[in-house]
Every structure is written in C-alpha cells, then in structure tokens.
Amino acid sequence: MAQPDNFGFGEEAALLKASARKFFTDKFPTSRLHALVAGDHRPERGSQCLWDRELWQQMVDLGWTMLAVPEACGGVGMPAVAVAGLAEELGRAAFPCPLLGTINATYVLAACAGGAAALAEIAEGKSASLAITDHSGSWSPGAGDVSCAGGKLNGTAWYVQDARKADRLLVSARSGSGLGLYWVASNAAGVTLHPDTIVDLTRDQAHISFAGVTATEVSADGLAALEQALPAIWTVLAADMVGAAEWQLQTTVDYVGTRQQFDRPLGFFQAVKHPLVNVMLQIDQAKSLVYNAACAIDSEPGRAGQYAHMAKASASEAAAFASSRSVQLHGGIGFTWECFVHLYFKRQKHSQLLWGDAAWHRARLADIVIGPLARTGA
Amino acid sequence: MSASASKDSPEQAEFRQHCRSWLAANRPPDPTVRLPLSALEIMTTEQLGYLQAWQKSAYDAGMVGCDYPLAVGGGGRKDCQRIANEEMLSARTPYFPNIIGLGMAAPTVFYHGQEALKQRLLPRLFSGEDIWCQGFSEPGAGSDLASVQTFAERKGDRWVINGHKVWTSLAHFAEWMILLLRTDKSHKYDGLSYFVVPIRSALGRGVTVRPLIKITGETGFNEVIFDNLEVEDSFRLDELGKGWQVAMTTLLHERGAGELQTPRAGGLKNKGSHATTAHNLVEFARGTERDGRPAAEDPLLRDRMMQQLISEVGLAQNQRRARVPALQDHPMRLPLQNKLLASEISQDTAALALEVAGASASLYLEDGNAPAGGQWQLAYMNSYGMTIAAGTSEVQRNILGERVLGLAKSK
C-alpha cells in the first residue's frame with residue numbers, strides 16, 4: 001500500500017477543516033441559508049440564483065478557491081485530502097457558491113497540457129464550472145452536444161452547475177481530432193445561459209448554448225484529461241454529501257431529543273433510535289471511503305478511480321437515507337417549508353444524481369473489479 | 001518498508017524488526033489436522049494442542065501481551081501489540097486458541113484484579129497454557145445481561161455458587177472462567193459481582209460442562225452448570241457489587257473498542273477454510289454458471305456484490321480513520337461500530353453467495369456436489385452467531401444511539 005496510514009491528513013489539512021467549520025458556523029447558520037434561498041416557496045417562482053457574494057469573496061480571499069491549483073500556477077497546491085475536508089464543511093453548511101465547480105475545473109485543467117493560464121485565473125479568484133454534459137445527462141466523459149470547428153464553439157451544454165455564479169466555463173467539444181477542452185468567459189459573445197428551474201434551492205443550474213463562440217483550447221485530448229480528473233470530481237462531491245448528511249443526522253438527533261410524545265423524547269423509541277444509528281453507520285463508511293479515495297488521488301493514482309467510485313456510490317446511498325430519515329423523523333413539521341430539513345433533502349437529491357448516481361458508480365466499479373461487461377447504450 | 005512501518009517510533013521499529021526476523025526463522029510447522037474457521041470452533045485436543053504450542057512459542061518470543069507490564073508476564077512495551085499483530089498477520093501464522101482469555105479475560109483481570117491474582121493468572125493466559133472461557137449469558141439473561149441469576153452465597157471467606165451459564169465457547173477445554181454472577185438479589189445492577197473461577201479442576205465436583213449443538217450441526221459452545229461450587233474470595237475482581245462495571249471492561253474489549261490491543265495472529269491458509277469476503281464471493285460468481293453464463297456477468301448480482309465490497313472496504317477504512325483524531329468528532333463513534341458492521345457485512349455477503357449458488361445452495365457440507373464444499377452455507381448459518389453474540393445487533397444499535405448520539409436510554 002502506497003498510502004500513508006493517516007490518509008495524508010496532516011496538520012494543515014486539519015487546520016483548514018476546523019477553520020472552515022468555524023467560518024460557516026459563525027457566518028452562515030442554517031437560519032441564514034433559509035432566509036437567503038427560501039423566500040419564495042411558490043412552485044411557479046421559476047429559476048433562482050440566490051447567494052452571498054460577500055461571503056464568497058471572503059472565501060476567495062482566504063485562498064479556499066485555489067487550494068488545488070498548483071503552486072507553479074499561483075495556487076496553494078494542497079493535497080486532495082485537504083480539499084475533501086473543505087468540501088465536507090461546505091456541504092455541512094450547504095453554502096450556495098461555485099466552489100465545487102471551481103475545484104472540478106481546477107482538477108481538469110491540471111490534467112491539460114495548456115491549462116496553466118486558466119489555472120492562473122483561478123488562482124487570481126475567478127470561479128468556474130464544467131460544461132461537459134449532453135442533453136441526456138450522460139456522466140460519461142466524451143458525451144456532448146457541442147462541437148468546435150475553426151476555433152469556434154457551437155451547440156449546447158446541459159446540466160451546468162452553478163452556471164450563473166461562475167466567471168468561466170470549461171467546455172468539452174468534439175473537434176476534428178477528437179474531444180477538445182476549451183476555456184471560455186461565461187459572458188463571452190455568443191454564450192447564452194438558459195437557467196433551469198430546479199428542485200435544489202442551494203444551487204443554480206443552466207443549459208448553455210454556444211453560437212460561434214471564440215474559445216481558447218486548453219487540451220486537444222480532453223478525454224484523457226477528464227478521465228484523470230473525474231476521481232477527484234466524484235470524491236469532492238462525495239465529501240460535500242457526507243458533510244450535508246452529518247448536518248441531517250445531527251439536526252434530526254437534536255429534534256428527537258427534544259420532541260416529546262407518549263411522555264418521552266422520541267429518541268427513546270427504538271423505531272426512531274435504530275434508523276438514526278443506521279444513518280450514522282452509512283455516513284461513517286462513506287466518510288472513510290471519501291478520505292481513502294482522496295488519499296489515493298494524492299498517493300496511489302492507479303487506484304483512485306475505483307476508490308472514488310466506492311466513495312461516490314457510498315455517499316449517494318448515505319445521502320439518500322439521511323435525507324429520507326431527516327424528513328420522516330421530524331414528522332409533520334419536517335414536511336413544511338418553514339422547517340430547514342428540506343433544504344438539505346433537496347441538495348442531497350441533486351448531489352446523488354450529479355456525476356453519476358450510486359448504481360452508475362457500482363456498475364463501473366464492477367467493470368474494474370470483476371472485468372468489463374458489454375453494456376448497451378452506455 | 002511498509003507504510004505503517006514508516007510511522008513507527010524507534011522502539012516500535014526495533015520491535016517490528018525483532019518480530020520479522022523471529023517469524024522468518026520460526027515459522028510454525030504446517031498443521032497435521034484440519035483447523036476450524038476460528039478458535040471458537042476448536043473441537044479436538046489435537047487441534048488445541050497444535051494451536052497451544054504455537055501460542056506458547058509466540059509468547060516466548062515476546063509477541064503476546066506486549067503492552068502489559070513485565071510483572072504480570074507482559075512485554076512491558078508501549079503500543080507494540082499492534083506491531084506484533086501486523087507482523088503475525090502478514091506472516092500468515094495460525095491463530096491463537098486462547099481467544100477469550102486474550103481478548104476479554106486478560107484486560108478485565110488486569111484492570112480489576114488484585115496484584116497477586118494478576119501475577120498468578122496472566123502469564124499462563126498469555127502463553128496459552130491455561131485456556132479461558134466466559135460465563136455471562138444465561139437461559140434467562142441474554143440481551144438483558146444484568147438480569148443474571150447465577151448466585152454466590154457467602155460462606156466465611158469463601159463463596160458457594162449455583163446457577164446455569166450458556167453459549168460458553170471453549171468451556172470444554174478451559175481451566176478458568178470469567179464469571180458474572182449475583183451476590184445480592186435486591187439490586188439489579190449493584191447486586192452483581194465478578195469472579196474468576198477455576199472450572200477444569202472442579203469438573204464433576206460442582207461444575208458440569210455439556211456441549212450445545214449449533215444450527216449448523218457443529219458443537220463448539222457449551223452450557224455450564226454450577227452446583228454448590230466453592231471458590232475463594234480472593235478470586236473476586238474489584239469490589240462486591242461492582243460486577244456490572246467490570247463486565248463493561250470485558251465487553252468493551254470484546255467489541256474491539258478497549259484500551260488494550262488484543263493479541264491477534266492468523267492468516268494461515270487452511271485447506272477447506274473459507275473467508276466470507278466480497279473477493280471470495282466474486283471468485284465464486286465467476287465459477288458459477290447461471291443460464292449458460294457465469295453469474296459474475298449478471299448485472300444485478302454485480303451491483304449487489306459491489307455493495308458488499310464497498311461496505312467491506314468502508315469498514316476497513318473506518319478502522320484506519322479511527323486512528324486519525326482530526327477526522328472524528330467522537331472518540332467512541334467508530335470503535336463501537338466495528339462488531340456490528342463486521343458481523344452484518346459478512347452475513348449479507350454469505351447470504352448473497354447462496355443466491356449466486358442458486359439451486360445448488362440446497363446442498364450441504366457432505367454432499368459431493370455442494371459448491372465450495374458447502375462452506376458458504378456453513379458461513380451463512382454461522383454468521384448468526386456473530387450478529388447475536390457479544391451483544392446482539394439490536395443491543396449494539398442501542399449502545400451507539402445512546403452513547404454516541406446521546407439519545408434517551410431505551411430501558
């Protein structure tokens with residue numbers, strides 16, 4: 001085993017995680033989240049993009065958005081385990097911002113031959129998002145409805161996360177030689193954002209059309225760069241989900257400790273206690289798998305793919321179960337808009353399907369562990 | 001140098017080197033008898049003799065009881081048992097037969113026994129010369145352990161014991177038993193006391209050991225009946241009425257969550273033995289035909305096998321994370337999950353293997369056509385021993401809910 005015993009989670013990573021926890025606890029309690037994003041409950045409210053740009057700027061100033069950017073490009077060059085620790089705290093706060101997209105773009109750019117200039121922009125504080133998904137929502141790299149000819153992008157990218165918050169887009173497009181990756185300002189001429197109306201109140205999403213957009217090619221072999229970066233993308237999202245699930249568990253535990261029925265706190269009853277223990281068991285396995293995958297990205301890259309499949313599959317199951325129990329065990333109040341649990345319930349539903357759901361990851365894990373299976377239409 | 005070795009202190013590094021060279025030069029001979037899956041199923045004196053000889057040689061080489069003080073027969077080292085365990089596991093040695101002695105009796109005697117008692121009992125426990133068993137459960141006291149009725153009545157400086165203990169693994173070989181009993185019938189918890197009792201020397205004179213038959217058809221555990229057995233007061237651990245607190249020390253170590261590392265060896269490949277792991281399950285599915293194709297190509301079975309693999313790796317990574325304080329919010333949260341997860345994961349893996357086997361899962365050990373010699377069927381049935389013993393999964397969930405999540409006590 002080439003991995004260090006402690007996941008490589010050293011003092012700096014611990015310090016970062018602790019200060020991120022404090023930052024969000026102090027500055028962004030869930031009541032603020034609710035006030036910020038849940039003002040309009042009406043289903044016909046349409047697409048929203050509600051976030052706290054001032055706090056985001058503080059995160060940028062703290063260097064959190066350039067953690068994964070190599071030092072040579074002006075970043076901090078922290079290991080993936082440290083980034084996972086930050087993502088876990090981001091998820092615990094369900095903080096709406098383009099951090100995950102920026103980290104995703106960072107990992108892809110770091111695998112691109114021509115990514116240095118774009119990475120330098122991230123180090124300077126620019127946020128980004130990946131525009132690499134097609135209309136069918138395929139999470140396999142290389143699927144896409146955008147093409148590039150003569151240096152111009154045409155077509156539409158779907159399911160772009162935090163699209164209206166991102167300064168830059170990293171777009172995959174078919175070109176004569178294969179799949180290219182392109183770095184584009186999200187307000188460039190010919191770029192049109194079509195905001196999606198989504199369930200998750202803590203994110204925004206859009207499909208984006210490109211009409212003759214002039215773009216900078218950062219890689220001519222985009223498939224290889226994406227394959228290399230995907231384990232980190234899955235792992236960081238899984239870390240966010242684990243953090244959010246911890247919030248769901250703690251909030252529900254607090255509630256069943258105070259709510260009295262039949263003259264006892266709800267948590268006395270094993271029909272309530274045991275499911276909450278099961279939520280904890282699932283969270284802990286997912287969390288351990290997240291740090292294992294992150295550590296593999298840092299020190300055992302040959303196994304990063306399979307470990308990241310495990311982490312995302314496990315985190316997706318834990319998120320689904322934590323979400324379901326958080327609403328159910330809050331009882332009637334858990335079904336209302338005023339109770340905070342639906343904010344996390346919805347964020348987790350969104351995260352589960354993002355970049356491949358649990359079954360998708362297990363199928364690919366099986367291809368690695370057991371051997372490939374001919375799959376139609378994948 | 002392995003990754004774990006790179007974190008060793010100078011003392012640990014030197015000790016690891018000692019273990020390595022000793023193990024390289026002193027590999028125990030291959031067993032001449034078929035060994036059971038674990039020490040809990042030792043059935044013959046030949047099996048026991050082979051394993052006792054191995055434990056004695058490992059003890060003499062300093063690899064058993066490393067972290068206990070020299071005065072009680074230990075190695076007088078600090079955080080070295082873990083090192084010895086790692087080296088013995090990677091050398092694929094046999095396991096130790098005195099599993100209840102090492103994992104449960106030793107820490108309990110050490111934390112709660114009089115100095116003279118420790119010095120008398122622990123060296124022969126570590127060496128494996130004295131096999132130990134555990135007298136906790138009774139016909140009327142299972143999950144509600146504190147309702148034990150086995151009673152000790154005071155008679156001068158001696159006690160007279162009457163009662164009935166069940167599920168007593170290794171009692172048929174044991175010299176000593178750790179025994180939870182009642183000394184006061186008017187208080188449930190505070191009426192319990194804890195003794196160590198010599199049972200082998202009292203067989204036929206106050207102690208009867210009878211085998212109980214498991215659902216697999218195997219023996220391996222017993223019932224033990226006390227009929228006016230007299231023991232000295234010096235065999236009592238801790239104060240009168242403190243039996244419950246002492247029992248918590250035993251259970252904490254049994255569940256792998258105690259302060260002292262249990263000496264552990266193993267990994268020896270035994271013909272016919274069969275570990276219930278996702279890896280073995282995948283291999284089994286590769287070799288099992290379903291509708292003209294290997295079962296390993298069935299997408300649904302693949303998905304479920306991967307669920308088992310993910311849980312298994314998740315548990316292993318939990319154990320790794322339990323040693324990284326910065327990645328935990330509660331120190332007991334991961335250790336208290338170990339037994340629950342390990343037993344349920346292996347039960348589910350064995351159950352899935354039977355689905356992979358399909359119709360042939362109906363065949364048992366002695367049938368020539370039984371897949372994998374019927375070992376999956378055996379493992380599946382035996383797995384219920386693990387989800388029931390040492391506190392059922394239901395009791396484990398109560399403990400986790402109450403001690404870690406802080407929910408109201410269910411009793």
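## The surroundings of Ala293(A)

Beyond its neighbours within four places in sequence, Ala293(A) is in contact with Pro231(A), Thr235(A), Ala304(A), Tyr307(A), Ala308(A), Met310(A) and Ala311(A). Two residues are in contact if their C-beta atoms, placed from the backbone, lie within 7 Å.

The model is predicted: local features need pLDDT of at least 70 and side-chain atom pairs count only at pLDDT 80 or more, whereas totals for chains, interfaces and linings use all residues. Residues are numbered from 1 along each chain as its sequence is written, while chains are lettered from A and ligands numbered from 1 in the order in which they are written.

## Nonpolar cores

Ala293(A) is among the residues with the most contacts inside the largest nonpolar core, together with Val83(A), Val108(A), Leu170(A), Val171(A), Val290(A) and Ala311(A). This core has 165 residues, and helix H7 (residues 222-258) of chain A gives the most to it, with 20 residues. Another core, of 68 residues, lies apart from it and includes Tyr68(B), Leu121(B), Trp159(B) and Ile178(B).

A nonpolar core is a set of buried Ala, Val, Leu, Ile, Met, Phe, Trp, Tyr and Cys residues joined through C-beta atoms within 7 Å. A residue is buried if 20 or more other C-beta atoms lie within 10 Å of its own, exposed if 12 or fewer, and partly exposed in between, with C-beta atoms placed from the backbone. Helices (H or I, at least four residues) and strands (E, at least two) are DSSP runs, numbered from the N terminus.

## Helix packing around H7(A)

H7(A) packs with helix H9 (residues 304-330) of chain A at an angle of about 25°, and their axes are 8 Å apart. The two helices are therefore roughly parallel to each other; angles under 35 degrees count as roughly parallel, over 145 as roughly antiparallel, 65 to 115 as roughly perpendicular and the rest as oblique. Axes are lines fitted to C-alpha atoms, for helices over the stretch in contact, and angles run from 0 to 180 degrees between N-to-C directions. H7(A) passes H9(A) in a left-handed crossing, a term that applies if the near helix is turned anticlockwise from the far one by less than a right angle, the right-handed case being clockwise. In the contact of H7(A) with H9(A) there are 19 nonpolar, 8 polar and 2 charged residues; Ala, Val, Leu, Ile, Met, Phe, Trp, Tyr, Cys and Pro count as nonpolar, Asp, Glu, Lys and Arg as charged, and the others, Gly among them, as polar.

Helix H4 (residues 80-93) of chain A also packs with H7(A), at an angle of about 40° and with the axes 6 Å apart. H4(A) is thus oblique to H7(A), and their crossing is right-handed. Residues in this contact include Val83(A), Ala87(A) and Leu90(A) of H4(A) and Thr235(A), Val236(A) and Ala239(A) of H7(A). By class, the contact of H4(A) with H7(A) comprises 12 nonpolar, 3 polar and 5 charged residues.

## The pair H5(A) and H6(A)

Helix H5 (residues 99-110) of chain A and helix H6 (residues 116-123) of chain A pack at about 150°, with their axes 9 Å apart. This angle makes H5(A) roughly antiparallel to H6(A), and H5(A) passes H6(A) in a left-handed crossing. From H5(A), the contact takes Thr102(A), Ala105(A), Thr106(A), Leu109(A) and Ala110(A); from H6(A), Ala118(A), Leu119(A) and Ile122(A). These residues divide into 6 nonpolar, 2 polar and no charged.

## Positive phi values in chain A

Tyr159(A) has a phi near 55°, a positive value in a residue other than glycine. Its place is in strand S3 (residues 152-161) of chain A, and Tyr159(A) counts as buried because 24 C-beta neighbours lie inside 10 Å.

Phi of Trp355(A) is likewise near 55°. Trp355(A) belongs to the loop between helix H10 (341-353) and helix H11 (358-369) of chain A and, with 24 C-beta neighbours inside 10 Å, counts as buried.

## Chain B and its interface with chain A

In the interface, 38 residues of chain B are in contact with 40 residues of chain A. Helix H8 (299-321) and helix H11 (393-404) of chain B are the elements that give two or more residues to the chain B side, with H8(B) giving the most, 15 residues. That side has 18 nonpolar, 11 polar and 9 charged residues.

Gln319(B) lies in helix H8 of chain B and counts as partly exposed, with 16 C-beta neighbours inside 10 Å. Leu192(B), in strand S5 (residues 192-198) of chain B, counts as buried with 24 such neighbours inside 10 Å. Leaving aside neighbours within four places in sequence, Leu192(B) is in contact with Ala146(B), Val148(B), Leu180(B), Arg182(B), Gly243(B) and Trp244(B).
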